[in-house]
Amino acid sequence: MAAVTVPRWIIHLPTTLTGLDAAAELAFALRESLGHIPALDFGETTLSEEDRQHLRHRVWCDARLDGGRRCRLRDGHSGSCGTTGEG
């Protein structure tokens, strides 16, 4: 019997930033300041241009680590996954 899943809600938060790197830096700052809120899943954060929302860029690696933690390094990082660092 298939498990019933409850849909999650996504908050789309437009910015006035004009570059991918600047948007990623804002995502890092938001994770640092709001990461203590359990309802926010920063591991799934993606970025997109306003008029090209179908083309998304993942911010963090998000690989699952031992103990249910997630990798906090930037997507595409070199070396092994970990939980330290800015990403």
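Colleague: Which residue in β2 does E49 stand opposite?

Modeller: In this predicted model, local features need pLDDT of at least 70 and side-chain atom pairs 80 or more, whereas totals for chains, interfaces and linings use all residues. Residues are numbered from 1 along each chain as its sequence is written, and side-chain values use heavy atoms, without hydrogens and water. Strand β1 is joined to β2 by a hairpin through two residues, strands being DSSP E runs of at least two residues and helices H or I runs of at least four, numbered from the N terminus. Across from E49, on the β2 side, stands R52.

Colleague: How many bridges join β1 to β2?

Modeller: Strand β2 covers residues 52-58 and runs antiparallel to β1, and two strands count as paired if DSSP finds at least two bridges between them. For β1 and β2, the number of bridges is three.

Colleague: How far apart are the closest N and O atoms of R52 and E49?

Modeller: R52 is partly exposed, with a relative accessible area of 38%, where buried means under 20%, exposed over 50% and partly exposed in between, for a 1.4 Å probe and protein chains only. R52 also forms a salt bridge with E49, that is, a side-chain nitrogen of Lys or Arg within 4 Å of a carboxyl oxygen of Asp or Glu. The closest N and O atoms of R52 and E49 are apart by 3.7 Å.

Colleague: Is R31 buried or exposed?

Modeller: R31 forms a salt bridge with E32, with 3.9 Å between the closest N and O atoms. R31, by contrast, has a relative accessible area of 6%, so it is buried.

Colleague: How many residues apart in sequence are the parts that R72 and E32 tie together?

Modeller: R72 counts as partly exposed at 29% relative accessibility, and it forms a salt bridge with E32 in which the closest N and O atoms are 2.9 Å apart. Since R72 lies in the segment after β2 and E32 in helix α1, the pair ties together parts whose separation in sequence is 40 residues.

Colleague: Which residues are linked in a network of salt bridges?

Modeller: A search of the whole structure finds seven salt bridges, among them the one between R72 and E32. Elsewhere, salt bridges link up into a network, and the residues in that network are R8, D41, E44, R58 and R70.
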